[in-house]
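This report describes the fold of one protein chain for a reader who is new to structural work. Please examine the sequence and the structure before reading on.

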Amino acid sequence: MSNRPPLPPFNRDTAIQKVRLAEDGWNTRNPEKVALAYTEDSWWRNRAEFAQGRAEIVGLLSRKWTRELEYRLIKELWAFDGNRIAVRFAYEYHDDSGQWYRAYGNENWEFAEDGLMRRRHACINEAPISASERKFHWDLSGPRPIEHPGLSDFGF
């Protein structure tokens, strides 16, 4: 088994690095790639849906990104302790009718010793927005650029 650095226990710098790596991974919108950051038996609560194991995670994410088009996500560290990290996040997407949304949420993460996430608890709310209200603008083919504002910069 290989490690997925940074490894717990986290300090502020390694927790921030872990959050950014997760953000970059999710912004690929590649369910198979994202699922590799989680233990084989990882357990998730995502809204009202529960998933256990990578296959179920891939299924959940595949359904998500089929509905949530032009998905762009920003995550920010909220707190950390030992092998746990709490983040807040926001993402924007549109549905197949062209309606834009911004979703806001919090996640609590617990990591195994090898740096893979073994538990993820997510609470998410979303609101419709107009295209002119969008804040997240970067090329979909890559991660959020370093100079792009983060959540605190937007006052989210």
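## Contacts of Trp26

Leaving aside residues up to four places away in sequence, Trp26 touches Val34, Tyr38, Trp44, Leu61, Lys64, Trp65, Tyr71, Leu73 and Arg120; a contact means heavy atoms within 4.5 Å.

The model is predicted: local features need pLDDT of at least 70, side-chain atom pairs count only at pLDDT 80 or more, and totals for chains, interfaces and linings use all residues. Residues are numbered from 1 along each chain as its sequence is written, and side-chain values use heavy atoms, with hydrogens and water left out.

## Nonpolar cores

A nonpolar core is a set of buried Ala, Val, Leu, Ile, Met, Phe, Trp, Tyr and Cys residues joined through side-chain atoms within 4.5 Å; buried means under 20% relative accessible area with a 1.4 Å probe, protein chains only. The largest such core has 30 residues, of which Trp26, Trp44, Leu61, Ile85, Tyr91 and Trp109 touch the most other members. Among the elements that each supply at least two residues of this core are α1 (12-26), α3 (54-67) and β5 (100-111).

A second, separate core has 5 residues, including Ile74, Phe136, Trp138 and Leu151.

## Overall fold

The protein chain has 4 helices and 6 strands, taken as DSSP runs (helices H or I, at least four residues; strands E, at least two) and numbered from the N terminus. From that end, their order is α-α-β-β-α-β-β-β-β-α.

Buried residues make up 46% of the 156 residues. Along its principal axes, the C-alpha trace spans about 45 × 30 × 25 Å.

How values were computed:
Buried < 20%, exposed > 50% of the residue type's maximum accessible area, 1.4 Å probe, protein only.
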